Amino acid sequence: MSLTKDEARKLLHESALRVTAPRLAVLRVLAEAQNPLSHTEMLERLGETDWDPTTIYRNLIKLRDAGVATVVSRVEGIDRYALAGAGEDGHRHPHFVCEDCGRVACLPAELAAPMSMDGPWATSIQKATIQLRGACPDCLERACEAPR
Ligand SMILES: [Zn+2]
Ligand SMILES: [Zn+2]
């Protein structure tokens, strides 16, 4: 999913947030990301800008507080953000944490025990953070290629 500048602006307006250049940029990076992003990963994606890391951090928090972004993964105290309601299931699927390279990836829901969204508990579930840990396919491949 990606947002044009106008769509991003509209989303900020609807959430009663002021439109600023860093906020627009953060929002658009979140929309484009395939995986949830930490503050550091957000800075990497933004590349060279005139904004300092604190400004970007404040904007992430602001978007989170306004409900535009949510924390969908929390690994060792590092929050990772995604656009709220993004994807088919709003990131209710499990997330994979690679213990080698540290990346956090979205996994198809079928990989975890099926979570029924019916029944009396369904309305109680507002968010889910399911973390699976191991070595990601890239790291496994690298491990195989490495001389023993
Ligand atoms: Zn890895
Ligand atoms: Zn996800």
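**View 1. Contacts and overall build of the predicted protein.** Among contacts (heavy atoms within 4.5 Å) in the protein between residues at least 6 apart in sequence, 55% join residues at least 24 apart. This is a predicted model, in which local features need pLDDT of at least 70 and side-chain atom pairs count only at pLDDT 80 or more, while totals for chains, interfaces and linings use all residues. Residues are numbered from 1 along each chain as its sequence is written, chains are lettered from A and ligands numbered from 1 in the order in which they are written, and side-chain values use heavy atoms, with hydrogens and water left out. The protein has five helices and five strands, taken as DSSP runs numbered from the N terminus (helices H or I, at least four residues; strands E, at least two). From the N terminus on, these elements follow the order α-α-α-α-β-β-β-β-β-α, and the C-alpha trace spans about 55 × 50 × 25 Å along its principal axes. Of the 148 residues, 36% count as buried, where buried means under 20% relative accessible area, exposed over 50% and partly exposed in between (1.4 Å probe, protein chains only).

**View 2. The zinc ion (ligand 1) and its four cysteines.** Cys98, Cys101, Cys136 and Cys139 each coordinate this zinc ion through SG, at 2.3 Å; donors are N, O and S atoms within 2.8 Å of the metal (3.2 Å for Na, K and Ca), and water is not among the atoms, so sites may look incomplete. The four donor atoms subtend angles of 106 to 116 degrees, which makes the arrangement around ligand 1 tetrahedral, a term used for four donors if all angles lie between 85 and 135 degrees. In sequence, the donor residues are spaced C-x2-C-x34-C-x2-C. Cys136 is buried, with a relative accessible area of 1%, and Cys139 is also buried, at 7%.

**View 3. The zinc ion (ligand 2) with histidine and cysteine donors.** Here the zinc ion is coordinated by His91 through ND1, by His93 and His95 through NE2, and by Cys106 through SG, at 2.0 to 2.3 Å. The arrangement around ligand 2 is tetrahedral because its four donor atoms subtend angles of 103 to 114 degrees. Along the chain, the donors follow the spacing H-x1-H-x1-H-x10-C. His95 is buried, with a relative accessible area of 0%, whereas Cys106 is partly exposed, with a relative accessible area of 23%.

Terms used
Four donors count as tetrahedral if all angles lie between 85 and 135 degrees; four count as square planar and six as octahedral if opposite donors are over 155 degrees apart and all others between 65 and 115; anything else is irregular.
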